[in-house]
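Here is a short briefing on one protein model. Look through the sequence and the structure first, then read the points below.

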Amino acid sequence: MASEQRSRERAADHAASTPDDEAPWADLEMAVPTDRDHASVVALVECALVELTHETVGAVFISRQVGRSTRTQYVARDDVGEQFQKRRFDDRLGWHETTVPRRTVRDELITKLTRSPSASADQSGERAASEPDTFVVKPVRELRTP
């Protein structure tokens, strides 16, 4: 209970110090591959997880290969950010949803965001797509769902 109250207070303080026209998560976006170092990627993921826990937003990773794309969405399922809904859409396979712990989300995002373009192409057995993979945090109402 006390931790939940502190979380609400921190979110309220953060919201009060952020201009109305700029959401605190608005700059959480990245193209992959990136020239960011590992520590910077980890910091971005940690920041995104905090925003997912305290705001009505979801994280989206879009992977593109030639002729195929996948979209993985993460949305917090509780106020403490220990459980997340993972929604994965594959052009060929459709939607799949599951619940995963915070640690899994953190590890998956760090792995995806530090991946090189050749690793992505090697995994799919195809050439890399012309558009880079992307990661973005956006309002839940803007997420595409089945």
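Trp95 counts as partly exposed because its relative accessibility is 25%; buried means under 20% relative accessible area, exposed over 50%, and partly exposed in between (1.4 Å probe, protein chains only). This is a predicted model, in which local features need pLDDT of at least 70 and side-chain atom pairs count only at pLDDT 80 or more, while totals for chains, interfaces and linings use all residues. Residues are numbered from 1 along each chain as its sequence is written, and side-chain values use heavy atoms, with hydrogens and water left out.

**Aromatic pair**
- The structure holds one aromatic pair.
- The ring centres of Phe89 and Trp95 are 5.1 Å apart and the planes are at 45 degrees, so the pair is tilted.
- Rings of Phe, Tyr and Trp (its six-membered ring) pair if their centres lie within 6.5 Å; planes under 30 degrees apart count as stacked, over 60 as edge-to-face and the rest as tilted.

**Helix α3**
- Helices (H or I, at least four residues) and strands (E, at least two) are DSSP runs, numbered from the N terminus.
- In α3 (residues 102-113), the buried residues are Arg102, Val105, Leu109, Ile110, Lys112 and Leu113.
- These buried residues fall within an arc of 165 degrees seen down the axis of α3, so they line one face of the helix; the arc is that of the directions from the helix axis to the C-beta atoms.
- Arg103 and Thr111 are exposed on the other side of α3.

**Strand β6**
- Five of the seven residues in β6 (residues 133-139) are buried.
- Strand β2 (residues 57-65) runs antiparallel to β6, joined by six bridges; two strands pair if DSSP finds at least two bridges between them.
- Gly58 stands opposite Lys138 in β6.
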